[in-house]
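Welcome! Please take a moment to look over the sequence and the model, and then read on for a short tour.

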Amino acid sequence: MALTQDDLLAISQLLDVKLKAEIQPIKNEIQSLKSDVQSVKTELLAEMQALKAELLAEMQALRAELQAEMQALWAELQAVKASLEAEIHKIKLFQENVIMLRLNTIESCYLSTYERYKDSTEGYEALQADNEIMKAIIMEHSERLQKLA
């Protein structure tokens with residue numbers, strides 16, 4: 001028995017109807033999955049946007065906090081700098097008004113002492129020469145006196 005074209009067409013239509021009936025629940029399930037995926041995607045995007053906004057807000061708060069801390073540190077650093085500059089100024093004034101005056105006094109004392117010793121050294125050498133001459137004369141006179149006695 002041979003199937004005619006009409007028979008084949010009828011079988012094909014029956015298969016199409018049966019296949020459509022079998023595929024329709026799968027299509028429905030796929031559509032449901034697509035809808036679920038879309039809702040999850042929408043939720044994730046909304047959560048990401050919320051997280052992004054929260055992170056931006058936290059970053060702004062941190063930036064403001066860091067700027068405030070930096071300004072406080074800068075002010076403290078300026079105060080320390082001013083204090084150091086004042087101390088350096090005091091030290092320079094003390095050096096100029098006290099230490100330099102004392103150094104000048106010490107220098108003048110040493111110079112005057114040096115001049116005195118320099119002059120007395122020349123006199124000391126002359127005294128030594130005179131002393132040698134006097135020794136020689138005294139010894140000569142002692143010898144003469146012993147001969148006379």
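## Salt bridges along the helix

The side chains of K90 and E87 come together in a salt bridge at 3.7 Å, N to O (a side-chain nitrogen of Lys or Arg within 4 Å of a carboxyl oxygen of Asp or Glu). This is a predicted model, in which local features need pLDDT of at least 70 and side-chain atom pairs count only at pLDDT 80 or more, while totals for chains, interfaces and linings use all residues. Residues are numbered from 1 along each chain as its sequence is written, and side-chain values use heavy atoms, with hydrogens and water left out.

K90 and E87 both belong to helix α1, three residues apart, about one turn of the helix. K90 is exposed at 53% relative accessible area, whereas E87 is partly exposed at 38%. Here buried means under 20% relative accessible area, exposed over 50%, and partly exposed in between, with a 1.4 Å probe and protein chains only.

How many salt bridges does the structure hold? There are three, and the table shows them.

| Pair | N to O distance |
|---|---|
| K90 and E87 | 3.7 Å |
| K135 and E132 | 3.9 Å |
| R144 and E140 | 2.8 Å |

K135 and E132 are three residues apart in helix α1, and R144 and E140 are four residues apart in helix α1. R144 is partly exposed, with a relative accessible area of 49%, and E140 is partly exposed too, at 39%.

## The chain as a whole

The protein chain has one helix and zero strands; these are DSSP runs (helices H or I, at least four residues; strands E, at least two), numbered from the N terminus. The radius of gyration is 60 Å, well over the 15 Å that the globule rule gives for 149 residues, so the protein chain is more spread out than a compact globule. That radius is taken over C-alpha atoms, and the globule rule is 2.2 Å times the number of residues to the power 0.38. The C-alpha atoms fill a box of roughly 195 × 45 × 20 Å along the principal axes. Buried residues make up 0% of the 149 residues.

Helix α1 covers residues 5–148, Q13 among them. From Q13 to Q67 there are 54 residues in sequence and 77 Å in space, C-alpha to C-alpha.

## A nonpolar patch

Which residues form a nonpolar patch on the surface? They are F94, I99, M100, L103, I106 and Y110, with about 600 Å² of accessible area together. Such a patch takes residues with over 30% relative accessible area and no salt bridge, joining nonpolar side chains (Val, Leu, Ile, Met, Phe, Trp, Tyr) within 5 Å and like charges within 9 Å. Accessible areas come from the Shrake-Rupley method with a 1.4 Å probe; for residues, only the protein chains shown count as cover. L103 lies in helix α1 and is partly exposed at 46%.
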